[in-house]
Amino acid sequence: MFKRWLLGTAMATAALLTPLAASAEGKDIVVTYKDDITTLDPQIGYDWVNWSMIKSLFSRLMDYEPGTANLVPSLAESFDVAPDGLTYTFKLHKGVKFSNGREIVASDVKYSIERAVDPKTQGPGAGFFGAIDGFDDLAAGKDGGLKGIETPDDSTVVFKLTRPDATFLHVLAINFASVVPKEAVEAAGGDFGKKPVGSGTFLLKDWTIGQKLVFERNPDYFVKDMPKIDSFTVEVGQEPLVALLRLQKGEVDIAGDGIPPAKFLEIKNSPDGAQMIVDGEQLHTGYVTLNTKVKPFDDLKVRQAVNHAINKERIVRILNGRATPAKEILPPLMPGYDNDYAGYDYSVEKAKALLAEAGHPDGFETVLYATNTDPQPRIAQAIQQDLAAIGVKAEIRALAQGNVIAAGGTEGEAPMIWSGGMAWIADFPDPSNFYGPILGCGGAVQGGWNWSWYCNAELDERAVAADSMSDPAKGAERIAAWKSIFTDAMKDAPWIPVTNERRVVAKSLRMGGENNIYIDPTRVINYDAIFVK
Amino acid sequence: MVILLCKRLAQAFLILLGVAAITFVLLYALPADPARMIAGRSATAQTVASIRHELGLDQPLLVQFWTYLTGLLQGDLGRSYAQKTEVWTLIAARLPATLTLMAAGIFVEVVLGITFGTIAAVRRGSFVDRLVMTASFVGVSAPQFVAALLLLYVFAVTLGWFPMSGYGSFAHIVLPALTLGILGAGWYARMVRSAMIEVLNQDYVRTARAKGLSSRRIIFRHALPNAILPIIAMIGIDIGQFMGGVVVVEAVYGWPGIGQLAWQAIQQVDIPIIMGVTLTSALAIVAGNLLADLIAPVIDPRIRTS
Amino acid sequence: MTVLRSLFRQPSALFGLAVVLVVVVLALAAPLVAPFNPDEQMFDGLTLEGAPMPPGGQFLLGTDTLGRDLLSRMLYGARTSLIIGLVANGIAVAIGLFIGIVAGYLRGFMGNVLMRFTDLMMAFPALLLAIVLAALMKPSLWIVAMVIALVNWVQVARIVYTETRGLVERDFIMAERSLGAGHGRILLLHILPHLIPTAIVWGTLGIATTVLLEATLSFLGIGVQPPQPSWGNIIFESQSYFQAAPWLVFFPGMVILLTALAFNLVGDALRDILDPTQRGRG
């Protein structure tokens, strides 16, 4: 302790003597995660841990203002959308360089997006680019790239779409659209994810597999005064409980996995608690899917009955208040969230009455799937008890995530799935992202993500219509259209929306910045914007 | 002896082949589609099919296994589905940490086990004996996670004697090795105790004692060697435990071992990594048991090399 | 009868027997003695902030993280854990003894095949087997017991094999053989008794580890499914709470320890009575 204090004084003195040098001191921070970083390849990485690191290593045509969901041009200096919504033209910033020193040109953008779509890349991002002309051929493994991306000169990229897509600018801001240099990808020979070369705010300096990654600020980043820290070290394989103990000792600055339930109340009620906990809303809904192709959930009344049966307040209490009860499919922060929608209130009587009407006065037996990481089995047990109160005996199957996903995508397999741990967190802040794969007919296929197997052709048509309104002037109209789609979907009750969980991050006392850059709606932790006080 | 060795090596090879085959079939039977996991939530059926083809998962099981085996014989464990990196790179990066922890953990177990097992056997029925035997139960009944966190809390957080987490120096290994050693020493202590008592009760020892042989001589010449065989067999078994199942201790101390890699791979259905880790640990286990079987006759000449 | 009588003469064995009996009776009588329904998540079982209740008052041993009565869960959990600890572990020891003795005694081709099979099983990742079974089968107590037995016999077999190899070469066995004693007679009367200490070590230490292993398996989805309690899964569900709610780990941990210890005391006494080198010298 004494040594630390001494060091602190020495540094303070140094700061007094040379005020200019002080700004470069102590700007190296430590972040911990339990899971190893799988990859930093922007066309492949797709988990919430590597998501924000990839964001900071690469740049894209579009990006968001830190801490918000407001789209801004990034690599693009300007852009233009044709009136029919089928042609997008981007002008690139001149003189932006990859960290290997080469200037970024239009063909790099084309190459990168084609790489995301090409099945040889084996990446999860292809589906987002479905509107670009030539997508089907490339996705099927044919050579020839995407004919819908044209590069008339080195600083111009033109996208030709086959259908209007109101989310297209968001699509160009997601990680899969990050610009990568072809020569570095090819030189890495499959290991690009371990040796990333980009043009973002940070560079990957060093990676000790299984232990730590060191990121250093990119001195040539094309935006001035970004980022605000000199470097950050990501330590992996760190148990969240231990990470917090280390954070309390000052060895760690951000505990990336958040605060485990067992430690939450202790920290929250501690003197420094308020400064250490960052607690913010995210675009998340936790729900139970009700399989509309499995008896008795094929009956609307049964689905409505179980919607009335869940005591969401109690589940919020089990989560130590780190969530709010959910009434509808969209999370409250999402454009299109319906403030006036009442949802299905908690009422055992109504639930029982509906069950009786449906011909199940004594309830029935069913199975509830959940993943096996805390607190999911506990929440599943809370749901199980609520269902028992209306006579529905649900057997819980707590399995590894991959097995639950497989069961959900197998027709007639899983009557109910608690989505916790796999829940839909939006890829980009637009309501359409909450429909297609998880509630549309396209997702209700073998291996799909629509685990309710809900397919309403009329809603699908309205969804397509809403996404065709790509004219920014029609933005409000489009959101209203989406709002009604989700409200109408809830009439069919394919889900029980249960909670909107807030994200909780623990940070050391020296970390500064608003909460919304630690829980950034589009990138989890915004490494570009966080700073040391 | 040479013939025996060759025979056993050939058998070890067959065992590894068997492990590879069974694991491959089990993973194939696992209802989770790797192509679907890779393709993500927004993928079309077309994309999934293309990825499945890229991975060769659309081929018959036997063809897939043959492809894997031919790669294996050339020392190629394939590339990870999720990380795309060579599986061998990932394993090689973590193997030193695993082997170090294994050696340190077994060392602590054996030292504690022999010391306390001997004391208990010599003082059979005394208070010390009962204490040691009860302690051995506390060790094996303790949940790993809690034991590891308790040690961490006392010696790293409160006393600050050791670093809380990490890998690299001697100080880093003390707590993880102690945790594993304390939890496992109970087995060794009990094996040693019962093996030694077995000898101490034998007629020739009684005779020796009656003839006035010092008890130290009796213990080290007669009783302890009798306990060596089960200890060696136990070490062979422990290698298996340490190669596969110290995920919890690794996680608590941030130890970059193979266990954490395997655990994450299982969650992601990353078949090449699961296969690679399984084969690596199987290799270590088979080698450990082979050594145990070969050493036994050297130590106890009564066992003929059959 | 003489066995029982000698058993009663040892106070520690008597104590062990008493504990075992109490645990078994409590497990059987769980519905009668448990103060609450073990699966009921009571609204007043959690604090307003959602923390479990400490021991005392209405909940004698406190509540768990879902607001369920810990005492009731432990009483019902005893049923699961006793079955796992005794049956699964017992089967594992029995298989291990059988294979180990036969392989060590026969040696030659058969012995070799048996031991290589053991090596194969040992080198095989048990965790993976558990996960595949969990995904393919409907999980139940008996499947867990089977998986545990399947995994644990291997280690017993190896130890027993090594010891048997040492025994076979001893003079008294050689003497028996040269006198023309049958294999069965030698195995049963001369080799098996010497392996009883080993069997008791594994049989009793194994109880505790098996009970904990069941919790790991149920975490992977193959064990008893929630909300059915077992001592292991009570600890497992709440182990990260060991600071915030130590009772959730301490009480179930203690009963596992105590039960295993009690079985061990009984086992030790039985061995002393049955051990050939001890007989008549007590």
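The model is predicted. Chain B has 13 helices and zero strands. It is divided into domain 1 (21-73) and domain 2 (91-305). Chain C meets chain B through 42 residues of chain C and 48 residues of chain B.

**Chain B: overall build**

- The elements of chain B run α-α-α-α-α-α-α-α-α-α-α-α-α from the N terminus on.
- The C-alpha trace of chain B spans about 85 × 55 × 30 Å along its principal axes.
- Chain B holds 306 residues, and 53% of them are buried.
- Take the contacts in chain B with a separation of 6 or more: 72% of these come from residues 24 or more positions apart.

**Chain B: annotated transmembrane regions**

- An unreviewed UniProt entry places the feature "transmembrane region" at residues 12-30, 97-119, 131-155, 167-189, 227-253 and 273-296 of chain B.
- Residues 131-155 of chain B are 92% helix and 0% strand. The end C-alpha atoms of residues 131-155 lie 24 Å apart.
- Residues 167-189 of chain B are 87% helix and 0% strand. Here the end C-alpha atoms lie 29 Å apart.

**Chain B: two domains**

- The centres of domain 1 and domain 2 of chain B, taken over C-alpha atoms, are separated by 38 Å.
- Six residues of domain 1 of chain B are in contact with six residues of domain 2 of chain B.
- On the domain 1 side of this contact, helix 1 (2-29) and helix 2 (34-39) of chain B each supply at least two residues.
- Helix 1 of chain B gives the largest share of that side, three residues.
- The domain 1 side that touches domain 2 of chain B divides into five nonpolar residues, one polar and no charged.

**Chain C: contact with chain B**

- The contact takes 42 residues from chain C and 48 residues from chain B.
- Five helices of chain C each supply at least two residues of the side that touches chain B: helix 5 (108-123), helix 6 (126-136), helix 7 (141-168), helix 9 (183-219) and helix 11 (247-274).
- The residues on this side of chain C divide into 25 nonpolar, ten polar and seven charged.

**Chain C: annotated domain**

- Residues 78-267 of chain C carry the UniProt annotation "domain: ABC transmembrane type-1", from an unreviewed entry.
- Over residues 78-267 the chain is 83% helix and 0% strand. The end C-alpha atoms of residues 78-267 of chain C are 20 Å apart.

**Chain A: paired strands**

- Strand 8 (residues 202-208) and strand 9 (residues 212-217) of chain A run antiparallel, joined by six bridges.
- A:Phe202 stands opposite A:Arg217 in strand 9 of chain A.
- The hairpin of strand 8 and strand 9 of chain A has three residues between the strands. In this hairpin, A:Gly210 takes a positive phi near 85°.
- Strand 9 of chain A also pairs with strand 10 (residues 231-235) of chain A, running antiparallel with five bridges.
- A:Glu216 has A:Ser231 in strand 10 of chain A as its bridge partner.
- In a regular strand, side chains alternate between the two faces of the sheet.

Technical notes:
Residues numbered from 1 in each chain as written. Chains lettered and ligands numbered in written order. Predicted model: local features only at pLDDT ≥ 70, side-chain atom pairs only at ≥ 80, totals over all residues. UniProt positions renumbered as here; feature names shortened; annotations may be inferred. Helix = DSSP H or I, 4+ residues; strand = E, 2+ residues; numbered from the N terminus. Contact = placed C-beta atoms within 7 Å. Nonpolar A, V, L, I, M, F, W, Y, C, P; charged D, E, K, R; others polar. Domains from an automatic or database assignment. Pairing = 2+ DSSP bridges. Buried ≥ 20, exposed ≤ 12 C-beta atoms within 10 Å, placed from the backbone.
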